[in-house]
Amino acid sequence: MIGGESRSPAFVLDLRNRLRSHDSVRTSPLAIVLFIIAAFLGALGQFFYKSGAEKTDNTFASYIINARLLAGVVCYVAVMVLFVAAFKRGGALTVLYPIYASTFIFAAIIAWFAYGTPIRAPHFAGFALLIAGMYLLGR
C-alpha cells in the first residue's frame with residue numbers, strides 16, 4: 001500500500017512488463033554519438049563561462065554584453081537540443097546519460113589546451129575510472 005492505496009494485480013503486471021520492456025531497449029549508435037558531442041559542448045560551455053567570468057567587472061552590463069558568456073549559453077542550449085535529438089532516436093537513459101560524464105574528460109583536455117593545466121597520472125586514472133563507470137552503468 002502506498003499512501004493508503006492498494007495496487008491492483010493488473011497494475012503490478014503492467015509495471016512489471018514495462019520494466020522488462022526497458023531491458024530490451026537498444027540504444028542507437030547515433031544517440032551515443034550525439035551524447036558524446038553534447039558532453040564536449042558541455043565542457044566547452046564551462047570553458048566559456050570561466051573565461052567569460054574573467055572578463056567581467058561585476059556590473060550587470062559586463063555579464064550581459066559578454067561574448068564568452070553568451071557562447072557558454074549557446075553551448076548549453078545545444079547540449080539540450082542534442083539530448084532531445086538523442087532520446088528521439090532511441091535508447092535507454094541508463095545507457096546515454098553516463099556517457100555525459102565524459103564532460104569531465106573533455107574539460108581537462110580543454111583546460112590543458114587553453115590554460116596549460118597539466119594532465120598527470122592521477123588524472124588518467126580518473127579518466128579510466130570514469131570510462132569504466134560509463135561502461136558498467138550502460139550495461
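Start by selecting S28 and L30: at the start of helix α2, a side-chain oxygen of S28 comes to within 3.1 Å of the backbone nitrogen of L30. A polar contact here is a pair of N or O atoms within 3.5 Å; within protein, one atom must be able to donate a hydrogen and the other to accept it, and residues adjacent in sequence count only if both atoms are side-chain atoms. The model is predicted: local features need pLDDT of at least 70 and side-chain atom pairs count only at pLDDT 80 or more, while totals for chains, interfaces and linings use all residues. Residues are numbered from 1 along each chain as its sequence is written, and side-chain values use heavy atoms, with hydrogens and water left out.

Stay on S28, in the loop between α1 (9–23) and α2. Helices are DSSP runs of H or I with at least four residues, strands are runs of E with at least two, and both are numbered from the N terminus. S28 has 16% relative accessibility and counts as buried. Buried means under 20% relative accessible area, exposed over 50%, and partly exposed in between, with a 1.4 Å probe and protein chains only. The C-alpha atoms of S28 and G90 are 5.8 Å apart, although 62 residues separate the two along the chain.

Next, select all of α2. Its 25 residues reach 36 Å from first C-alpha to last, close to the 36 Å expected at 1.5 Å a residue. The expected span is 1.5 Å times one less than the number of residues.

Within α2, go to F35 and then show F83. The two rings form a stacked aromatic pair, 4.6 Å centre to centre with 5° between the planes. Rings of Phe, Tyr and Trp (its six-membered ring) pair if their centres lie within 6.5 Å; planes under 30 degrees apart count as stacked, over 60 as edge-to-face and the rest as tilted. F35 lies in α2 and F83 in α4 (residues 67–88), so the pair ties together parts 48 residues apart in sequence. F35 is buried at 0% relative accessibility, and F83 is buried at 10%.

Move along α2 (residues 29–53) to S51. S51 is buried, at 4% relative accessibility. Its side chain reaches the backbone oxygen of F48 at 3.4 Å. Leaving aside neighbours within four places in sequence, S51 is in contact with R68 and Y115. Show K50 as well: its charged end sits over the ring of Y115, 5.4 Å from the centre. The rule for this asks that NZ of Lys or CZ of Arg be within 6 Å of the ring centre and within 35 degrees of the ring normal.

From Y115, select helix α6 (residues 103–115), whose 13 residues should span 18 Å; its end C-alpha atoms are 17 Å apart, which agrees. T103, I105, I110 and A111 are buried in α6, and what covers its buried residues includes α2 and α7 (121–138). After α6 comes G116, with a positive phi near 75°.

Finally, zoom out to the whole protein chain, which has seven helices and zero strands. Buried residues make up 27% of its 139 residues.

Note on methods:
Contact means heavy atoms within 4.5 Å.
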